[in-house]
Amino acid sequence: MSNTADTNQGAGRLAGKIVLVTGASRGVGLCNAKLMAAEGAHVIMTDINADTGSKAAAEIGGNTQFYKQDVSSEQDWAELVAKIDAEHGRLDVLVNNAAILQFGEINNESLEGWRRIQSVNADGVFLGIHHCLPLMEKSGGGSIVNMSSSAAVFGMPYFVAYSASKAAVRGITKAVAVHCHRHQNGVRCNSIHPDGIATDMPMEVAGDMPELDSNKALQAMSYTCMPDDIAKIVLFLASDDSVGMNGAALNADKSATITPPYL
Ligand SMILES: NC(=O)c1ccc[n+]([C@@H]2O[C@H](COP(=O)([O-])OP(=O)(O)OC[C@H]3O[C@@H](n4cnc5c(N)ncnc54)[C@H](O)[C@@H]3O)[C@@H](O)[C@H]2O)c1
């Protein structure tokens, strides 16, 4: 089945597509929205932070709209998808980007803290796919892009709950990819695994972490990607250029996860 929008008009790699980006008020999500709008998509931006989100959408202009949404709320997902269906009648791309990060080791993370992280990072992705997939199938197919992390690959002792949540994203991506293949519904589902990205997210918890020695800090900096670097990969996975990819877990970490410790 084709995943090309039948409303295809104008230029750009996402021309005519209806795209939903969660957590789009700032950081990578905001970069995704800007780039995708510039590539011809109609971008529906959502975030729990309505003030910055609506201002960001207004700044991007024309083919964007903003809705307040808590990705951990099933009611918010059901209402959002109903609105998209009523207004556009289709959905071509879902970018599950919203997430939260908190410092916590296995010996001091609380059950409440663990559940808080899973509710946004893992439940949010499950609910997003669960509610959007029927509309994407009705649209003739599409692309689901899930933001995971190198935390799903590395052992990261300072972020035990976050690491588990991002491993859940990696797992659900593969289960959904095979489901879509088996049902030949034209939907593809892939995950991205960045290491450090220069956004507010890691900066806001940096003070909670034990100090890295200067060599390790330098090494970490050398692996840090810019949000635009990641947005370009999201664009590729969202577009028909990646039609041959389904169930992939793309490392986007400047080789951080494959570099031997002696190098
Ligand atoms: N920044 C990094 O170093 C890094 C590394 C690997 C992966 N990632 C992943 O990339 C994605 C984007 O990260 P970022 O650095 O841009 O983060 P960010 O904190 O800058 O942006 C996340 C956005 O999600 C929103 N959000 C938080 N909880 C929400 C909820 N319940 N419902 C809806 N929106 C909510 C926030 O308001 C914010 O606008 C995330 O999935 C993150 O886990 C980030």
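**Salt bridges in a predicted model**

The structure contains 6 salt bridges. This is a predicted model. The chain has an average pLDDT of 94, and 96% of its residues reach at least 70. One stretch, residues 1-8, has a pLDDT below 50. In the model, that stretch still has 25 contacts beyond near neighbours in sequence. Where pLDDT is low, the predicted coordinates should not be read in detail.

**Arginine 26 and helix α7**

- Aspartate 200 pairs with arginine 26 in a salt bridge, with 3.5 Å between the closest N and O atoms.
- Aspartate 200 sits in helix α7 (residues 200-206) and arginine 26 in the loop between β1 (18-21) and α1 (27-38), so this pair ties together parts 174 residues apart in sequence.
- Glutamate 204 also forms a salt bridge with arginine 26; here the closest N and O atoms are 2.9 Å apart.
- Glutamate 204 lies in helix α7 too, so its pairing with the loop residue arginine 26 links parts that are 178 residues apart in sequence.
- Shared partners join Arg26, Asp200 and Glu204 into one salt-bridge network.

**Exposure in the network**

- Arginine 26 is partly exposed, at 39% relative accessibility.
- Aspartate 200 is partly exposed as well, with a relative accessible area of 41%.
- Glutamate 204 counts as exposed, at 53%.

**Arginine 90 and aspartate 92**

- Another salt bridge joins the side chains of arginine 90 and aspartate 92, at 2.7 Å from N to O.
- Aspartate 92 is buried, with a relative accessible area of 2%.
- Arginine 90 is buried too, at 8% relative accessibility.

Notes: Residues are numbered from 1 along each chain as its sequence is written. This is a predicted model: local features need pLDDT of at least 70, side-chain atom pairs count only at pLDDT 80 or more; totals for chains, interfaces and linings use all residues. Side-chain values use heavy atoms; hydrogens and water are left out. pLDDT is the predictor's confidence in each residue, from 0 to 100. Contact means heavy atoms within 4.5 Å. A salt bridge is a side-chain nitrogen of Lys or Arg within 4 Å of a carboxyl oxygen of Asp or Glu. Helices (H or I, at least four residues) and strands (E, at least two) are DSSP runs, numbered from the N terminus. Buried means under 20% relative accessible area, exposed over 50%, partly exposed in between (1.4 Å probe, protein chains only).
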